[in-house]
Amino acid sequence: MPERHDIGDPVHPPLQGFLNRCYEQFVPDDSGALADYIPELTRADPAHFGVSLATIDGYVYEVGDSGAAFTIQSIFKAFVFALALETLGHERVESAIGVEPSGEAFNSIRLTGDNKPFNPMVNAGAIACSGLIHQHVGDGAFDLIRQTLGRFAGRELDVDEAVFASERATGDRNRAIAWLLRNYSVLGGDVDAVLDVYFRQCAVLVTARDLAVMAATLANGGRNPLTGEQIISAYVVARTLSVMTSSGMYDYAGEWIYRVGIPAKSGVGGGIIAALPAQLGFGSFSPRLDGHGNSVRGLRVCEALSAHFGLHVLNRNEDVRTCIISDYRDVGVSSRRNRQSFELKILQERESDIRVIELVGALSFASMDYVSRRLAGEAPPVELLILDFRRVPSATTAAARLLAEALAGVAARGATIIVAGFDKDSRLWQAICSEDFSLPTLRHFPLLDDAIEWAEDQVIYRYGGFEGLAKTTHLSEQALLAGLTLDEIDHIAAIGCARAFKIGDRIIAAGDPAASLFFLQSGMVSVKLPSGARLASISPGMPFGEMALIERERSADVWADTAVQCLELPLSAYASFRKSHPDCGELIMRNLASLLAKRLVLANAKVDLLSAY
């Protein structure tokens with residue numbers, strides 16, 4: 001496993017940091033040997049080591065010699081099998097080639113009891129696949145195969161003619177396999193022509209990055225995540241991945257599925273691909289091979305990837321439904337607290353200090369990787385990051401791990417992390433609080449509104465906004481009385497009644513007659529439903545109970561959060577004032593309409609954003 005000291009990399013997304021650590025840890029490993037039964041392969045540089053991951057949304061991670069070209073060798077077998085299924089149909093292909101693991105070496109000269117190749121991932125099955133395609137399209141078989149491999153990779157691929165010549169000059173064992181297939185009528189037509197197609201396939205040049213994109217195309221249901229082209233059908237992908245799972249790593253396949261558990265295919269040129277459905281594609285290149293013909297370093301990276309993030313394909317808790325990411329940075333979402341004008345001014349000036357991201361839907365490894373890239377790309381980094389998981393019904397183990405690493409990276413850049421919407425006994429919280437990570441500034445709130453209000457308070461406090469909290473505001477600062485003259489405001493003060501409340505007092509009770517409205521002059525109050533759910537928090541300079549102007553019964557409770565001083569204005573006294581000051585009454589109703597409109601704008605902004613997906 002990679003060392004843990006770099007977890008929480010402040011520069012790279014977690015997956016890039018993971019690959020970097022793997023590269024640093026495994027690059028010194030010089031075990032294994034170059035393939036020598038094809039002489040040209042011995043010319044490979046044994047020091048080469050490159051790794052790449054491609055996501056299904058088209059993002060590619062790379063480290064090391066990921067752009068170094070090498071020959072694809074047996075990795076082509078998975079894609080040519082897919083091409084045969086797509087072109088000829090499964091009945092024709094399955095009539096000639098089995099799908100059972102052989103337990104034999106990849107170049108074994110042995111067939112099943114009914115004289116068919118065991119599966120398309122061994123040489124016999126791949127030669128049979130080449131024969132089927134050659135029989136179908138004739139001399140254009142290799143061009144079709146090369147073009148198809150290029151469509152999987154997202155670019156045109158070349159052939160290493162020297163390796164092709166070496167393959168053909170030393171391919172007697174494959175010739176024996178081909179003639180055995182011909183003897184049992186599995187292979188028809190010109191055997192030498194079919195073998196040339198087979199040998200040329202082995203010599204197609206690719207990079208670790210190409211392999212990652214090709215694997216990601218399989219993981220993405222046959223659609224290339226870079227070009228958007230649908231290469232093969234989902235039906236064909238499912239059958240290709242099934243055979244890769246059982247037979248892609250030859251006589252190491254059982255050990256592979258136990259230790260790593262991701263559909264894969266290796267080649268003696270040093271390449272490995274692995275495709276995790278609906279998540280990502282993996283590609284690596286390191287020419288030093290173990291006794292099974294698999295890249296030593298490539299195996300170690302795959303094992304680390306699976307173990308670190310729990311990406312075993314048989315982990316059926318992997319929910320791959322799309323997770324929508326609602327980023328409220330440009331919407332201006334605020335808490336339910338009604339702020340004073342000077343507080344609003346601070347929040348408007350420092351709006352970039354707080355960022356709210358809401359996740360909607362099941363959280364998978366792939367969707368969490370996308371979130372982590374968004375967070376790592378922040379420039380400059382945000383000061384207060386709020387992540388809301390209220391609409392996340394489930395999260396995979398891999399996603400939770402990736403989330404924790406992403407948050408550690410954001411925290412390392414100086415941000416305060418605030419999470420909301422899940423309980424502390426959830427998998428997400430357990431992952432975040434793991435001893436692997438250091439998040440000293442982490443805050444947790446059950447509700448998003450509480451998290452936003454806390455973050456707003458931090459910004460206001462940092463920039464002097466609470467210095468006058470204990471001061472009593474004048475009625476002229478009340479939003480509901482904006483536009484009234486001082487004489488008119490003094491008249492309202494004279495007909496009102498000064499009230500004081502202690503912390504925890506219920507000022508208004510739901511269901512009571514709405515007989516007055518209040519102007520908060522100092523302290524804070526909260527408007528809550530009888531269930532306890534908070535609707536709003538009110539700061540000095542704001543009214544509460546003002547719905548009495550249009551409703552006959554109180555619809556919510558109002559509680560004193562601090563010691564409170566306010567002016568209560570009975571509706572009977574207000575009615576007399578309005579009769580003697582009709583213009584003032586009309587202005588107050590306009591101010592009320594404006595306050596209600598602002599609340600609707602905030603609510604609709606969030607509704608509109610969610611309905612856009």
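In this predicted model, helix H7 (residues 172-183) and helix H8 (residues 191-202) have axes that come within 10 Å of each other and cross at roughly 130°. The crossing of the two helices is right-handed. On the H7 side, the contact is made by Asn174, Arg175, Ala178, Trp179 and Arg182, while H8 brings in Val191, Leu195, Tyr198 and Phe199. Sorted by class, the contact of H7 with H8 comes out as six nonpolar residues, one polar residue and two charged ones.

Now for the strands. Strands of a sheet pair through backbone hydrogen bonds, and the pairing can be parallel or antiparallel. Here, five strands build an open sheet in the order E2-E1-E7-E6-E5, and the pairing is antiparallel. At the edges sit strand E2 (60-64) and strand E5 (264-266), each of which pairs on one side only. Going from neighbour to neighbour, the strands of this sheet are turned by 10° against each other on average, with direction ignored. As for Ser266, its bridge partner in E6 is Ile272.

Helix H12 (residues 296-309), for its part, lies across E1, E6 and strand E7 (280-285). Relative to E7, H12 runs at about 150°.

One more helix pair is worth a look. Two packed helices are described by the angle between their axes and the distance between the axes. For helix H2 (residues 76-88) and helix H5 (residues 141-153), the angle is about 110° and the axes are 10 Å apart. H2 is therefore roughly perpendicular to H5, because angles of 65 to 115 degrees count that way. Who meets whom in this pair? From H2 come Phe76, Phe79, Val80 and Leu83, and they meet Leu144, Ile145, Thr148, Leu149 and Phe152 in H5. By class, the contact of H2 with H5 holds eight nonpolar residues and one polar residue, with no charged residues. The contact of H7 with H8, by comparison, has two charged residues.

Definitions and conventions: Residues numbered from 1 in each chain as written. Predicted model: local features only at pLDDT ≥ 70, side-chain atom pairs only at ≥ 80, totals over all residues. Heavy atoms only, no water. Axes fitted to C-alpha atoms, helices over the stretch in contact; angles between N-to-C directions. Helix = DSSP H or I, 4+ residues; strand = E, 2+ residues; numbered from the N terminus. Left-handed = near helix turned anticlockwise from the far one by under 90°. Contact = heavy atoms within 4.5 Å. Nonpolar A, V, L, I, M, F, W, Y, C, P; charged D, E, K, R; others polar. Pairing = 2+ DSSP bridges. Parallel < 35°, antiparallel > 145°, perpendicular 65-115°, else oblique.
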